[in-house]
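Biologist: Can you put the model up? I have a few things to ask about it.

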Amino acid sequence: MEITRTIKYEADRVKGFGREVMSVPGCEQLESCIQCGTCSGVCPMSIYMEYTPRQIMELTRSDFKKEVLTSNTIWLCVSCYACTTECPREIRITDIIYELKQRAIKEHQYPRGFPIPVLAQEFSQMVYKNGRVAELPLVMKLFLKTNPLAAMGNWRMGMDLMRTGRFTLASERIEAREDLQKMLDAIDAKQG
Amino acid sequence: MSAKQEEIRIGFYVCHCGHNIGKTVNCPEVAKFVATLPHVVHSVDYKYMCSDPGQELIRLDIQQHKLNRVVVASCSPLLHEHTFRGACAAAGLNPYYFQMVNIREHDSWVHADNPVEATEKAKALAQAAVERVAQHKALEVKRVPIHQDVLIVGGGIAGIHAALTIANSFENTPDSGKPPRKVYLVEREPSIGGHMAKFDKTFPTLDCAACILTPKMSEVGAHENIELMTYSEVAKMDGYVGNYTVTVRHKPRYIIADLCTGCQDCISHCVVQPEKSPKLMAANEFNEGLDKRRPVYIPFPQATPQIVLIDPMVCLNFRKGVLTDKCKKSCVTACGEKKAIDFTQKETTEELKVGTIIVATGFKAFDSRRKPEYGYGVYPNVYTALEVERLVNASGPTGGHVVLRDGRTKPKTIGIIHCVGSRDERTHKWCSRVCCMYSLKLAHLLHEHTGAEMYNFYIDIRTPGKGYEEFYGKLLEEGVNFIRGRVGEVTDWAMTPEEEGKLVIRVEDTLAGMVRRIPVDMVVLATGLEPQADAQEVRRIFNMSCGTEGFFLERHPKLAPVNTFTDGIFIAGACQGPRDIPDTVAQAGAAAAEAMALISRGFVEQEPNTAFILDAECSGCKSCIPLCPYTAILFDEARKKAYINEALCKGCGTCVASCPSGSIVQNLFEDDQVFSEIHGVLAYD
Amino acid sequence: MKYSYFPGCSLKGLGRAYEESLLPVMAHLGVEVQELPDWNCCGATAYMSVDEGRASVLAARNLAIAQRMGLSVMAPCSACYLVLNKTQHNLAEYPAMRQTVDRALGAVNLTLKGEVPVRHPLDVLTNDIGLEAIRQKVTHPLRLMGEVTEKAADGTLVRRTGVRPLKVVPYYGCQIVRPYATFDDKNDPTTMDRLIEALGAEVVTDYRLKTKCCGGSLTGTVPDAGLRLVYILLKEALKHGADCIVTVCPLCQYNLDAFHAQIASRYEPVRIPTVYFSQLMGLAFGLPARELGLHRGVVPMPALAGPEAVAAAQPAVA
């Protein structure tokens with residue numbers, strides 16, 4: 001039986017992280033969280049998360065940046081907004097989790113090959129390049145990067161989609177690709 | 001008496017108020033400056049003017065220096081104008097020869113970063129006051145008599161307790177020659193008792209609510225000093241402290257109250273019988289709609305007064321409230337010789353004259369339908385706390401047997417959800433204070449009645465009163481499952497065979513750190529307390545304010561919790577904010593004491609800063625009359641002149657400013673006085 | 001009535017049956033829809049996970065194009081609907097974001113002033129067109145040949161083959177009712193329920209999971225979690241004896257329709273067809289099934305009883 005010792009010191013906190021997240025417009029209400037647990041109670045994914053949404057809120061507020069950004073919680077959130085709808089303090093939990101996702105990606109703090117952040121990045125790159133997403137090419141790319149064998153496991157679905165004419169590997173591109181890229185780059189031009 | 005004939009001798013005092021003023025304003029410098037002003041014969045600074053030595057200083061100086069005007073530069077007049085006026089009066093000087101200057105809230109506190117300019121400002125303000133006070137006249141305080149009778153609005157435990165306290169203080173001797181003193185208790189329901197009459201047991205003692213309440217109710221009903229007006233409402237209130245005229249509307253019971261003996265034969269003989277015509281029955285309001293009542297009914301067995309009433313919306317002798325006279329009226333036959341039923345009865349109104357009013361109109365329970373997530377009204381076996389109170393009560397719709405809506409099944413597991421409607425930005429931000437305690441109580445009672453497994457889902461367990469934490473301890477020992485997790489949803493969707501046919505509560509057990517699904521047979525919603533639906537209308541009638549949450553506003557949350565901003569009108573109980581029975585009774589006693597203090601003194605003193613009309617100059621144009629917010633100005637048709645009722649005048653100054661011929665003057669704010677003050681400020685360079 | 005139409009990437013891909021059925025249905029109702037020229041992907045949930053500023057720009061470009069057309073936008077895909085609405089809310093509430101987005105739009109000479117109404121087809125159908133107008137266009141009320149239970153003259157229950165209304169589970173999913181419940185109630189939405197009834201079908205009114213998440217993209221990335229969410233929805237629909245599930249979102253439809261093999265092997269078979277509400281509308285209007293993309297369902301819809309069959313059989317329900 002393995003015994004581990006878990007204690008958190010003040011040095012484990014990244015002081016100011018919570019404040020930083022709460023200073024993002026839309027995330028201010030986190031300050032008034034009373035840890036009631038409604039969010040975790042209604043979240044369909046809380047039973048799969050290593051920290052429940054309530055715990056992530058507390059960890060964020062208490063500056064435990066590493067624990068938050070490396071958790072699988074933020075990636076398992078499906079943005080169903082059930083938590084935001086029920087929170088008695090009107091905290092926009094889903095949007096805070098989006099903020100945390102963005103930070104995790106910026107700082108490369110997620111497990112290697114974990115499909116969800118990889119999917120998000122592949123998605124964004126495809127949109128940046130083409131202006132639209134072609135679902136099947138995107139999924140193929142995702143499988144290749146994370147779990148090639150899984151692609152094989154889905155052969156029957158592939159057949160079904162081909163049979164019903166929903167299987168296209170062609171990409172979708174818009175005319176104004178350059179314009180779109182110009183617009184997206186303009187965000188980085190100034191601290192935006 | 002004008003002081004213009006004699007020499008004006010002003011005494012000036014500037015207060016350091018410890019560091020509050022002294023840290024920013026250079027008080028000795030101010031005193032030194034003021035000493036140079038005309039008519040100032042004595043000018044000093046002092047640490048704490050409001051203290052006993054400070055006041056003594058004023059008193060001695062008035063005598064020693066023969067001062068006939070006093071100015072104190074210190075804090076807000078709201079705080080100590082009264083104190084210093086008192087010091088002047090104690091030395092024999094008319095208190096209205098006093099003027100106060102605020103150099104704290106208006107100067108040192110707002111210019112803390114600028115002491116030099118702050119001192120200059122203080123000098124300017126002081127000069128203004130000194131020039132003004134020279135123009136002051138001696139004024140006399142008026143005494144307004146207080147009518148001896150009291151009106152109490154609301155017959156719940158607060159109203160009942162206040163009524164008894166006051167009524168017991170009245171000694172009405174028949175041969176005193178004076179009219180008997182009365183307490184009028186007006187209650188809009190057909191019986192007094194309020195919400196407390198519906199409870200089964202009260203926390204933390206588990207006293208039977210009816211057992212402790214009904215003796216008080218009977219006492220009220222029988223008390224010779226209390227005139228009980230049930231099924232009545234206050235329609236209008238006019239007047240001012242000590243002299244209120246209240247119009248009360250009496251709704252028709254269609255029963256002649258004096259003739260009804262409460263035998264209830266009419267009820268048992270009514271043509272609408274539950275077995276024969278259940279659809280013609282009405283939902284029994286007292287039992288929270290859990291059962292039905294006949295059109296002629298008494299609200300509950302211990303109702304006070306013991307008089308029945310007829311509901312014209314349901315009675316077959318009416319159609320939608322209008323008398324058709326089509327019913328065979330077996331009730332009238334059953335009533336027999338007493339002849340107490342009168343279908344032609346109409347609403348009546350009555351005017352009461354009282355000196356003080358206590359408003360104790362109570363609360364309303366939060367409507368669970370506003371939280372559809374909990375399934376009230378969707379799933380049958382979701383109950384509100386008040387419904388459960390009736391369910392466990394021996395005189396309730398099921399005789400105290402706790403069964404589900406099918407009328408038969410006994411629940412084996414029960415979940416109580418705390419904070420329904422409370423502590424929620426979307427419904428009510430406040431904590432309703434009593435729900436944790438009553439949830440514990442209901443957990444105990446339900447377990448006692450059914451042996452069911454109890455679950456309480458809470459955010460915090462709030463036990464603020466005497467014996468309350470110990471009560472929580474008792475519940476822990478009874479094996480109630482306390483789960484710290486606010487419930488987001490109640491559903492009947494089953495995930496496992498054990499959940500089939502049950503209501504499932506999915507919640508995060510935050511203390512154990514896991515998400516759980518708990519199937520229960522019955523869900524109880526601990527609904528919060530909110531203001532009555534018509535709180536805004538009621539507050540307008542009594543000239544009161546409401547706070548942001550909608551409860552009646554007290555004059556000061558700490559120091560005047562039962563007073564309102566209107567003199568002579570008091571509030572008590574849950575209408576002021578959510579509270580339990582001990583606090584309600586305490587407030588009712590407090591309000592009664594405040595009312596009795598006014599009554600026993602017999603008068604209130606009125607500030608003399610009222611306006612008066614110079615007869616000779618009034619042209620009779622009537623411009624002032626509609627402008628007065630207190631309807632204090634009247635018109636003498638004979639002389640064609642307006643005149644002001646000093647007792648109603650609040651000194652707002654509107655008429656003074658509006659009079660085209662300048663014939664209205666306000667005491668303490670005469671033109672000379674105001675212009676001198678302006679001159680004083682501007683003159684300072 | 002004219003609207004600009006924002007299909008979103010999915011309606012051109014896996015969700016093409018939604019577009020294939022919605023456009024003819026709108027035309028049949030006399031509603032003009034004009035596709036946004038050269039629209040770009042809305043970003044859905046994925047782009048928001050990467051960069052909020054850029055995600056807002058994606059949405060804003062489409063809104064700017066729509067504003068230029070001077071029409072309200074109809075956005076059938078739930079994710080697009082949510083993203084466009086959310087972006088507008090954020091732009092209105094956060095001036096700093098507004099500035100950033102305006103700057104980005106300005107870089108390509110686009111402007112977005114004020115707000116552009118973004119409507120869901122259910123909203124348009126219920127509030128602009130009206131259920132009465134829809135009812136009048138129904139020539140083929142949705143009926144099935146099947147087993148019906150009736151009360152005979154002597155009071156006994158009799159089972160026979162007859163015609164009965166199609167029994168439909170209305171599945172709204174999350175993103176059209178949360179977090180912005182603009183045209184329907186967020187706890188118990190009923191616009192689709194009423195629409196289905198207007199088409200002559202029977203709605204399962206106590207489907208408690210009607211707004212529960214299908215798992216979104218988790219079915220592909222974390223199937224342990226995603227597939228279970230889908231399994232629960234399908235199983236409950238079958239428990240209510242439904243003939244099909246009707247949905248508003250292409251991702252929901254894909255999840256409910258395309259994973260039956262995996263769900264059967266992980267849990268148990270829970271086979272039931274899932275279609276778009278526009279497909280049911282098309283069928284009720286008598287439009288040919290092939291033209292409504294019904295052949296694209298992995299689990300096929302049963303053939304409905306046409307008017308002749310209804311006339312021939314003794315209808316159980318008038």
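Modeller: One term before we start: a residue is called buried when its relative accessible area is under 20%. Also, this is a predicted model.

Biologist: Fine. With that cut-off, what percentage of the residues in chain A is buried?

Modeller: Of the 192 residues in chain A, 56% are buried.

Biologist: And how many helices and strands does chain A have?

Modeller: Chain A has 12 helices and zero strands.

Biologist: What box do the C-alpha atoms of chain A fill?

Modeller: Roughly 55 × 50 × 30 Å, along the principal axes.

Biologist: Surface and charges?

Modeller: Chain A exposes about 9400 Å², and carbon and sulfur atoms supply 53% of that. Chain A has 26 positive and 24 negative charges, and their mean positions are 3 Å apart.

Biologist: Switching to chain C. Which domains does the assignment give?

Modeller: Domain 1 of chain C covers 2-119 and domain 2 covers 140-312. The contact between them takes 24 residues from domain 1 and 23 residues from domain 2.

Biologist: How much area is buried between the two domains of chain C?

Modeller: About 2000 Å², with 69% of it from carbon and sulfur atoms.

Biologist: Which residues of domain 1 lose the most area there?

Modeller: C:Tyr18, C:Ser78 and C:Tyr81, which together give 27% of what the domain 1 side buries.

Conventions. Residues numbered from 1 in each chain as written. Chains lettered and ligands numbered in written order. Predicted model: local features only at pLDDT ≥ 70, side-chain atom pairs only at ≥ 80, totals over all residues. Heavy atoms only, no water. Helix = DSSP H or I, 4+ residues; strand = E, 2+ residues; numbered from the N terminus. Buried < 20%, exposed > 50% of the residue type's maximum accessible area, 1.4 Å probe, protein only. Areas by Shrake-Rupley, 256 points an atom, 1.4 Å probe, with all protein chains shown as cover. Lys, Arg positive; Asp, Glu negative; His and termini not counted. Charge placed at Lys NZ, Arg CZ, Asp CG, Glu CD. Domains from an automatic or database assignment. Contact = heavy atoms within 4.5 Å. Buried area = accessible area lost by both parts, 1.4 Å probe.
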